[in-house]
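Thanks, everyone. Let me put the structure up, and then I'll walk you through a few parts of it.

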Amino acid sequence: MNNRLCELFGIKYPIIQAPMAYITWADLAAAVSNAGGLGTMGPNPGPGFQEEVPDVEQAGELLRQEIRRLRDMTPNPFAVNFTIGRGKQIPYSDRFVEIGCEERVPVAVVSMGSSSVYTKQLKAAGCKVLHAVGSVSHAVKAQADGVDGIVCEGFEGGGHLGGEELTTLVMVPQIAGAVDIPLVAGGGIGDARGMVAALALGAEGIYMGTRFMVARECSIHNNVKQALVDATDTSTVAFGRSVMLSRSLKNKYTQEHMALEAKGASFEEMRDYERSGTPSLKGRRRSAAANVDGNLEYGSVGMGAIAGLIKEISSAADIINGMVQGSPGVMQRLQEVLPTQ
Ligand SMILES: Cc1cc2nc3c(=O)[nH]c(=O)nc-3n(C[C@H](O)[C@H](O)[C@H](O)COP(=O)(O)O)c2cc1C
């Protein structure tokens, strides 16, 4: 195999498990790395982050513990996600990056902000840096800032989305044509067909979040895993354009959120709604209501539009093996259906 991404990270397959806040703990990342992919941990991994927001020092030490637990579970390379905070989150982001550097994480996946912020610091500590973007101009900037690879996250994906709303199909070939460093395609990939398609578009690897939510090793409530298995093509919605665009399972929470937004609620009113919630949340954050309690009505159940393709709960290794073993059949079909001279 002649794949720069595999060489760069020292991995067997160009399959990266994408980070998902609160649910991608050491267990999932280790299972993916042990199966030959690149597991990514964080943000906020482990039980200590689920209940209350710890202070900056406590949060940093919780992250350090979880990085060490991950290192004990796999001899293979792994990644840790560092999101770029805004406002009150900045001291947390800064501390997490310091801990990542101290712990010499092999790969840093940096997302939700500018590549100028942490690239130099992470590279100086010896980490490889993958930067997540949602447009060609941000990819070009990340390359100029010295990152080792780029992840482009399409609008089909789960969780927070890029404001330009570009899909994976249109973004991958345009970014592939604009940068020289390895490109990883994320958003809407769930099987070997998606993987081959992404590589055909110019990516050298893939990045999957939603597909790995149903891995047995993923620390999320079983109700959410079952909701993914039951999902159809129309089960998710992109919402929250005035606050922070995200894709989640359609439920009472997303309905009420969209209704408030349609009435012209201010940013503060939207934030209050997200935080105050309903009695059924019992004071929990929306994400904890989904992840820990399995509240599918009022919890924030982030997932991508590819959920409709998911049919079973399985191990991370089975997911990776299915992608790898399914690829030759997809290539064979291409040879059959592609017109040749
Ligand atoms: C529940 C959930 C939480 C997510 N949280 C984060 C996060 O904290 N940081 C981040 O960079 N991306 C986050 N993402 C986005 C993923 O890393 C990735 O871009 C996305 O899952 C790819 O699309 P897919 O879901 O179709 O595979 C999240 C996605 C989901 C579904």
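Start with the ligand. The shell around it takes at least three residues from each of two domains, domain 1 (4-219 + 311-337) and domain 2 (222-305). Keep in mind that this is a predicted model.

Which residues come nearest to the ligand? There are 28 residues around it, and the nearest are Gly 157, Gly 158, Gly 159, Gly 209 and Gly 304. By type, the shell holds 12 nonpolar residues, 13 polar ones and three charged ones.

Now the two domains themselves. The chain is divided into domain 1, with 4-219 + 311-337, and domain 2, with 222-305. Over C-alpha atoms, their centres are 23 Å apart. How many residues are in contact across the two domains? On the domain 1 side there are 21, and on the domain 2 side 17. E7 and H9 are the elements that give two or more residues to the side of domain 1 that touches domain 2. That side has eight nonpolar, 10 polar and three charged residues.

E7 leads us to a sheet. This one is open, with three strands in the order E7-E11-E10 and antiparallel pairing. E10 is joined to strand E11 (residues 246-249) by four bridges, and the two run antiparallel. Within that pair, Thr 236 stands opposite Leu 249 in E11.

Next, strand E6, residues 149-153. Is E6 mostly covered or uncovered? Mostly covered: five of its five residues are buried. Look at both faces. On one side, Gly 149, Val 151 and Glu 153 are buried; on the other, Ile 150 and Cys 152 are buried too.

E6 has parallel pairings. Strand E5 (residues 128-133) runs parallel to E6, and four bridges join them. Here His 131 stands opposite Ile 150 in E6. From E5 the chain crosses through helix H6 (residues 136-144) to E6, in a right-handed β-α-β crossover. E6 also pairs with strand E8 (residues 183-186), again in the parallel sense and over four bridges. There, Cys 152 stands opposite Ala 185 in E8.

That's my tour. Questions, please.

Technical notes. Residues are numbered from 1 along each chain as its sequence is written. This is a predicted model: local features need pLDDT of at least 70, side-chain atom pairs count only at pLDDT 80 or more; totals for chains, interfaces and linings use all residues. Two strands pair if DSSP finds at least two bridges between them. A residue is buried if 20 or more other C-beta atoms lie within 10 Å of its own, exposed if 12 or fewer, and partly exposed in between; C-beta atoms are placed from the backbone. A crossover is right-handed if, with the strands pointing away from the viewer, the path from the first strand over the helix to the second runs clockwise. A residue is near a molecule or strand if its C-beta atom, placed from the backbone, lies within 6 Å of it. Ala, Val, Leu, Ile, Met, Phe, Trp, Tyr, Cys and Pro count as nonpolar, Asp, Glu, Lys and Arg as charged, and the others, Gly among them, as polar. Domain bounds come from an automatic or database domain assignment. Two residues are in contact if their C-beta atoms, placed from the backbone, lie within 7 Å.
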